[in-house]
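The following exercises are to be worked through with the sequence and the structure at hand. Each task is followed by a solution in steps.

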Amino acid sequence: MQFDVAFALSTVPTILGAIGMTLLVAAVSCVGASAVGFGLEVVRRSGGLGGLFVRFLIDFIRATPVLVWLYCLYFILPFYGIRLGALATGIIGLSLYYSGYLAEVFKAGIDAIPNGQGEAARALGLGRIDMTIFVIAPQMLRNIAAPMGNYFVSILKATPYLAVLAVPEMLGRAFDIASETYRYAEPLTVAGLIFLGLALLISLAIKRLEVRLMGPTTR
Amino acid sequence: MAHSDDSPAVQITSLNKWYGAFHVLQEVNLTIPSGSRVVICGPSGSGKSTLIRCLNGLEAYQQGTVTLGTVPLGDNARETALARRQTGMVFQSFNLFPHLTVLSNCTLALRRVLSMPRKEAESLARHFLEKVRIPEQADKYPAQLSGGQQQRVAIARALCMNPRLMLFDEPTSALDPEMVKEVLDVMTGLAHEGMTMICVTHEMGFAREVADQVVFMDQGSIVEQASPMTFFTTPSHPRAQSFLNTLLH
């Protein structure tokens, strides 16, 4: 069976039709994972019992496959009366899963900030919350733009997992075409190329952001 | 600028601090009247930076009391915050916020801590930037300034909060020699306006000209406390004598 370019092109509109769903899931999950991950890191830094629990949670998240999380949220939670839609489950699952990784990235970004920054903020009388928002977080983002972008690309590439929940995203569409036509190479190649293009776009955007965040560093 | 008040600006009584087994501050007693300028000097590791960092709660201590004005520093977070608000600190490494412009460095605490409206905060910040003689740098970022300019911004940033007491922790030690003077000039100006100042510094010329008390520390204790005149001409403690000798040669 040869690769049929004309057939491949004919699958583009169908697969591309799901790009909105893929982008929606990816974007919301990136925001969710960043927010949860930052929260986890703040709690971990505050120490105490909460900190210990979060430490365990982050290790636990990172040591389990994302598919297990999606299955648990979708098929097991309903036994306990919590019934989420497929899309919500997918977004929550990806957000929670990647929050563990992003918490580690945030940790590295915060560790790289000199102690003097926190001391100066405290000496000026800033409280913990103001210090975190106005002094620590912006400098952390500067330090981690690149690794954070990598995880955003990972989240994008993890959206096809939602196919197991029947969320109509791009790879799911490609498989639908494949099972109807018994031709796998063309739709999967098309889906792969679209993912490649999106990932490149994200990388480019992150590079731009990095330059802007660095601001003027020399005289 | 000086706040009139009968109580001393700082009262340190029987202060003791340990880092693990290391007794870094040993029975430190010190009274600093309002409006006075105290220079703390001594060899490295003598505890002088640790001492002034105890005065605004950046370092915790195990024994003794520190009272700023009438407010005791302590376990009470609110009182500590209040005391800290009356204290400005200038660090050896400037510690400006690199992601904020010079102006925003100065206005951040005004807006977030004192809830001052933006316009008012900015005009106050510009006033103090003028005072440290760099009003034209307001919209630049710290990395675009020289070390001396950065340290002057740090002084302006601290002054914005209208402190009763200024702490300087080796403010010129990280500077190129030709920039030391511009920072010392600003500090001298502050002293002449009556600001209560505690400076950890090795700038003996500054101590001689500006200080009304020189405190010499060694191995965690205050071993000599005298007027600059007495300290520089007839130091009584042998360690102070040898310290001065190494500085002069």
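**Exercise 1.** Does Ala166(A) count as buried or exposed, and at what relative accessibility?

*Solution.* The model is a predicted one, in which local features need pLDDT of at least 70 and side-chain atom pairs count only at pLDDT 80 or more, while totals for chains, interfaces and linings use all residues; side-chain values use heavy atoms, with hydrogens and water left out. Residues are numbered from 1 along each chain as its sequence is written, and chains are lettered from A and ligands numbered from 1 in the order in which they are written.

Step 1. Apply the classes: buried is under 20% relative accessible area, exposed is over 50%, and partly exposed is in between (1.4 Å probe, protein chains only).
Step 2. Ala166(A) has a relative accessibility of 63% and therefore counts as exposed.
Step 3. Locate the residue: Ala166(A) belongs to the loop between α7 (128-158) and α8 (170-181) of chain A. Helices (H or I, at least four residues) and strands (E, at least two) are DSSP runs, numbered from the N terminus.

**Exercise 2.** Examine the backbone of Ala166(A) and of Arg133(B).

*Solution.*
Step 1. Most residues other than glycine have a negative phi.
Step 2. Ala166(A), which is not a glycine, has a positive phi near 65°.
Step 3. Arg133(B) likewise has a positive phi, near 65°, in a residue other than glycine. Its place is the loop between α4 and α5 (147-160) of chain B.

**Exercise 3.** Describe the open sheet of chain B in the order of its strands.

*Solution.*
Step 1. Two strands pair if DSSP finds at least two bridges between them.
Step 2. The open sheet has 4 strands in the order β2-β1-β4-β5 of chain B, with antiparallel pairing. Its edge strands are β2 (22-32) and β5 of chain B, each of which pairs on one side only.
Step 3. In chain B, β1 (residues 10-19) and β4 (residues 63-68) are antiparallel and share 5 bridges; Ile12(B) stands opposite Val66(B) in β4(B).
Step 4. β4(B) also pairs with β5 (residues 71-72) of chain B, in the antiparallel sense over 2 bridges. Leu68(B) has Val71(B) as its bridge partner in β5(B), and Thr67(B) faces Pro72(B) in β5(B).
Step 5. The hairpin of β4(B) and β5(B) has 2 residues between the strands, and Gly69(B) there takes a positive phi near 65°.

**Exercise 4.** Which residues are in contact with Met116(B), leaving aside its neighbours within four places in sequence?

*Solution.*
Step 1. Met116(B) lies in the loop between α3 (102-112) and α4 (118-131) of chain B.
Step 2. With a relative accessible area of 17%, Met116(B) is buried.
Step 3. Taking contact as heavy atoms within 4.5 Å, the partners of Met116(B) beyond those neighbours are Leu110(B), Arg111(B), Ala121(B) and Leu124(B).

**Exercise 5.** Characterise chain B as a whole.

*Solution.*
Step 1. Chain B contains 9 helices and 10 strands.
Step 2. Its radius of gyration, taken over C-alpha atoms, is 18 Å, close to the 18 Å that the globule rule gives for 249 residues, so chain B is as compact as a globular protein of that length. The rule is 2.2 Å times the number of residues to the power 0.38.
Step 3. Of the 249 residues of chain B, 55% count as buried.
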